[in-house]
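Hi,

Here is the structure I promised to send over. Have a look at it first, and then read on for what turned up.

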Amino acid sequence: MTLSHSAKGSASSRGGESIDDGMRSLNTYDDNGYLPIHRAVSNGYEVTLKNILDDAQKRNELNQQLEAKTERTELTPLLLAVAVGRLPIISFLLKYSVNINAVDANGNGIIAIAALSQNERTLRYMIEVLLAEHSYNVWKPLLKLYTSLSEDESSVGGRVLEILTRPKADTKEASSYWPPIIDNGLIPALVHTFTESKNEDTLISTYLILLNAIDEQPRIHNELIPNKKAFGAMLKHTRSKNTEIVTLLGRLLASLTRTKSLAKSIIDQGLFEAAMTLIEKERTPEIISSYFDCLANVVSYSSVYQVQIANYPLFLPLLINHYLEEFDLDLSLAVMRFVRQLVSKNEEIQNLLAQNDACEHILGALTASSKDLQQMAIETIQEFADNNPHVQYIMIRENAFEQLLNLLDKTNVASLQIAIVRTLWTLCGTHSSRKRDVATRIGVKKLISYYNLKSDEHLLALTDILGELTKRSTSIKINVAEEINRAVGIPPILRLLTSDNEALVISALREIQLLTCAPGFISNTLNQETIVKYDGIRFLVALMMHVKNEDIQVEAAQALACITLANNHCLTVIETTLDFSFTCLFTLMESTNPIVQLKASNALATFIYNNRQLEEFLAQHYRFSFDYFQKFLEHNNNHIRCAAAFQVVVLANLIPEQSQAINTAIGCGVLMDVLRMSSTDEEKSNAAECLARLSHIKSSVPHALIAANGIDYLCDLFSSKNDTTIGVASIALGYLSYIHEGERQLLHRCRGELDIMAFLKVYNCLPGQPPRLSKHLLEAWDRYSALKLPKLRSRGSNVRYYKVLANNIERLRVPSSSTSAKESNRSSPVKFYLPSIRSKVH
């Protein structure tokens with residue numbers, strides 16, 4: 001039927017919802033080109049619409065009404081309902097057999113019209129309805145709009161696709177529309193837009209679409225890599241005058257470069273040049289911060305990229321003098337992240353930035369009010385100083401220790417505490433004294449409390465720092481081992497034995513050794529029994545007997561040996577623990593790793609130390625060849641020589657090739673050689689610690705040490721700057737004072753150098769314990785003090801400058817060189833024992 005026009009119909013259509021009027025003009029267009037059914041749809045008159053359709057059905061004209069089109073736009077009732085967003089009308093019409101494939105005068109179908117109406121609710125409704133119609137593709141029309149040459153259509157298409165691909169607002173889950181959109185050609189459409197479109201609205205939507213996809217759709221990563229021209233087109237937009245495009249591009253690049261393969265493709269297309277040009281010219285924080293995030297990702301992949309960025313003309317001065325001084329929080333965080341990655345594991349760049357005063361700027365961020373920026377600065381300092389003594393020195397010179405420790409005192413934020421502990425450990429480097437100073441400043445109780453933080457990142461640093469503190473000899477002022485016990489620090493250290501981190505397990509084992517056996521082999525019965533109480537023996541035996549890592553096995557064996565030192569109850573517990581056997585130690589002594597061999601025999605020597613019964617038992621079943629020790633005694637590392645020398649003395653009864661006396665003489669001779677001739681304080685301290693062990697062994701060894709002039713050599717160590725060296729020397733001399741000749745020689749030295757006795761008392765006369773100094777020596781010294789006998793003339797070999805106030809030793813100035821040091825400089829080095837002893841052996 002041909003539809004006619006009537007101008008009069010429009011007036012009645014604009015009146016009330018009159019059924020009679022509607023029936024008389026069903027086929028009459030109004031001035032807007034609408035039929036009554038269109039007016040009912042447009043105005044949302046569902047009752048009128050129903051009456052029209054019911055009447056049409058009676059006259060067998062239902063399909064004609066459902067397909068009736070507006071005069072100019074050619075919209076069917078359904079298309080019109082979609083265009084104006086009448087959801088109840090749409091739902092009502094869909095109950096009839098409407099044509100969902102109808103198009104308007106511009107060829108737009110139902111989905112395109114829904115999109116162009118920019119009514120998200122209507123669009124989503126139609127998509128869900130039509131997805132049920134498997135024959136209808138809802139995505140092709142949207143992608144067609146998106147790639148349209150019409151700027152209006154492409155803008156709308158881009159906005160619609162961006163909306164549909166957003167994560168769900170309530171759950172943040174990825175949009176369920178992603179797979180079908182990608183299947184229908186999203187990636188080519190995106191690439192086409194980047195390379196061809198100049199429509200800024202469309203480009204903005206394109207960047208937002210990719211940002212929606214970047215973390216949720218790996219397919220987009222995989223399909224973008226071959227389309228390298230897309231990255232080149234993107235990077236050209238860094239020159240755009242539209243700040244929103246430049247900002248979104250930066251966010252997208254920061255996201256894309258989190259994938260190494262994508263980052264490489266973007267770099268190949270000129271990322272560095274584009275980003276550097278922008279960073280130099282555009283200083284707006286909101287724009288630039290994402291580009292620093294992008295560069296941070298890139299430099300983390302390769303030292304080549306680090307060097308390329310660092311050597312870019314004028315970049316480092318701009319970075320340090322401008323961007324590291326920027327006060328915008330987001331930009332400061334991004335710049336700090338970038339610097340952290342730029343210097344990571346690259347000593348050359350670390351030094352380069354340090355030379356340009358970057359350290360001072362980074363340390364300045366520690367005073368920021370933002371906890372996030374503080375933490376980022378702390379992590380950057382750690383990466384900056386990692387394995388770099390030069391940067392560590394500069395950081396410390398700039399008061400890094402003081403600032404970090406003050407921040408640690410003030411903060412209760414667990415993540416900050418963890419970061420600070422790790423960074424302090426890194427700044428200490430290989431300097432034991434620094435670690436002891438840091439640990440002393442933090443305090444044992446607080447260090448132990450950090451074991452309760454829910455993180456594993458700081459545990460290695462924490463245990464190592466605590467271990468350095470525990471190495472200090474007990475004095476009247478400090479007893480670290482017992483303080484750790486009082487702070488209930490042993491259980492968390494035992495828990496570390498179950499860690500999967502082998503380095504952490506080894507660090508915990510070494511700490512257990514120190515807790516149960518102080519320098520000089522002074523046992524700590526309380527800590528030994530505490531470990532038994534918390535079932536630590538079972539863990540240690542399991543590590544010694546069953547793990548595959550030999551380093552862990554020997555450290556566990558040494559820990560067990562320390563626990564048995566002067567404690568028969570603990571030895572019985574260990575020997576009765578299932579699977580324990582000394583055979584494991586002898587197996588480890590046959591390891592292909594010489595250090596494992598040496599540590600295994602050291603553990604055995606510790607088990608036997610002052611335990612005659614165990615020594616006799618092992619002597620019946622095992623024997624050692626002197627050749628086993630000789631390779632260690634001749635080693636160029638004095639630490640290894642000292643360890644081997646101690647073992648030769650303790651295990652002398654198990655070396656049948658020569659007499660026990662000769663073995664003892666050889667071991668003592670090596671220790672005296674190192675003590676007399678070594679040029680480093682650390683090596684002398686190590687030798688003195690071994691002598692302190694031997695000074696109270698149950699044999700004639702202490703007499704041999706005195707006969708070898710051990711008293712004088714040990715007294716000379718009081719000129720050391722190292723408290724540990726002074727401590728072990730004091731302990732050794734304290735035990736040697738129980739021998740009459742040792743007492744006589746020591747008193748003579750004390751009368752010549754009055755401050756020696758102060759040292760001896762600090763380390764040997766501990767509160768609540770019997771003194772380790774001979775009472776005869778103390779009585780003789782008291783008589784000397786009471787009678788005010790004249791000071792003996794000093795040998796001139798070991799002048800010290802100390803004062804002892806309130807049991808605290810304070811150095812006044814650097815001591816002069818000792819005669820023994822001059823003697824060692826004049827002496828020619830020996831191989832591994834004294835010439836006189838060597839002649840006896842041969």
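Let me begin with Glu74, which is partly exposed because its relative accessible area is 33%. Keep in mind that this is a predicted model. Glu74 sits in the loop between helix 5 and helix 6 (77-84). For context, most residues other than glycine have a negative phi.

Asn60 also has a positive phi, near 60 degrees, and is not a glycine. You'll find Asn60 in the loop between helix 4 and helix 5 (62-66). Is Asn60 buried or exposed? Asn60 counts as exposed, because its relative accessibility is 73%.

Now for the charges. The structure holds 30 salt bridges, and a few are worth a click.

- Asp54 and Lys50: their side chains meet at 2.9 Å, N to O. The two are four residues apart in helix 4 (residues 46-58), so about one helical turn separates them. Asp54 counts as partly exposed at 24% relative accessibility, and Lys50 is partly exposed too, with a relative accessible area of 40%.
- Arg676 and Asp673: here the side chains form a salt bridge at 3.5 Å, N to O. Both belong to helix 45 (residues 660-677), where they are three residues apart, about one turn of the helix. Arg676 and Asp673 are both buried.
- Arg397 and Glu398: the closest N and O atoms of this salt bridge are 3.8 Å apart. That still makes a salt bridge because the cut-off is within 4 Å. Glu398 is partly exposed, with a relative accessible area of 26%.

There is also a network of salt bridges, which links Glu402, Asp409, Arg441 and Lys446.

Which residues form a negative surface patch? They are Glu151, Asp152, Glu200, Asp201 and Glu244. Helix 11 (151-164) and helix 14 (200-213) are the elements that give two or more residues to the negative patch. Asp201 is found in helix 14. With a relative accessible area of 40%, Asp201 is partly exposed, and it can join a patch because patch residues need over 30% relative accessible area and no salt bridge.

On to the aromatics. How many aromatic pairs are there? The count comes to 20. Take Phe624 and Phe629: their ring centres are 5.9 Å apart and their planes stand at 75 degrees, so this pair is edge-to-face. The angle decides that label, because planes over 60 degrees apart count as edge-to-face. Phe624 is buried at 7% relative accessibility, and Phe629 is buried as well, with a relative accessible area of 0%.

One last stop is Gln630, in helix 43 (residues 626-633). Gln630 counts as partly exposed because its relative accessibility is 23%, and buried would mean under 20%. Gln630 and Ala645 are 15 residues apart in sequence, while their C-alpha atoms are 9.4 Å apart in space.

Cheers

Note on methods:
Residues numbered from 1 in each chain as written. Predicted model: local features only at pLDDT ≥ 70, side-chain atom pairs only at ≥ 80, totals over all residues. Heavy atoms only, no water. Patch = residues over 30% accessible without salt bridge, like charges linked within 9 Å, V, L, I, M, F, W, Y side chains within 5 Å. Areas by Shrake-Rupley, 256 points an atom, 1.4 Å probe, with all protein chains shown as cover. Lys, Arg positive; Asp, Glu negative; His and termini not counted. Charge placed at Lys NZ, Arg CZ, Asp CG, Glu CD. Buried < 20%, exposed > 50% of the residue type's maximum accessible area, 1.4 Å probe, protein only. Phe/Tyr/Trp six-rings, centres within 6.5 Å; stacked < 30°, edge-to-face > 60°.
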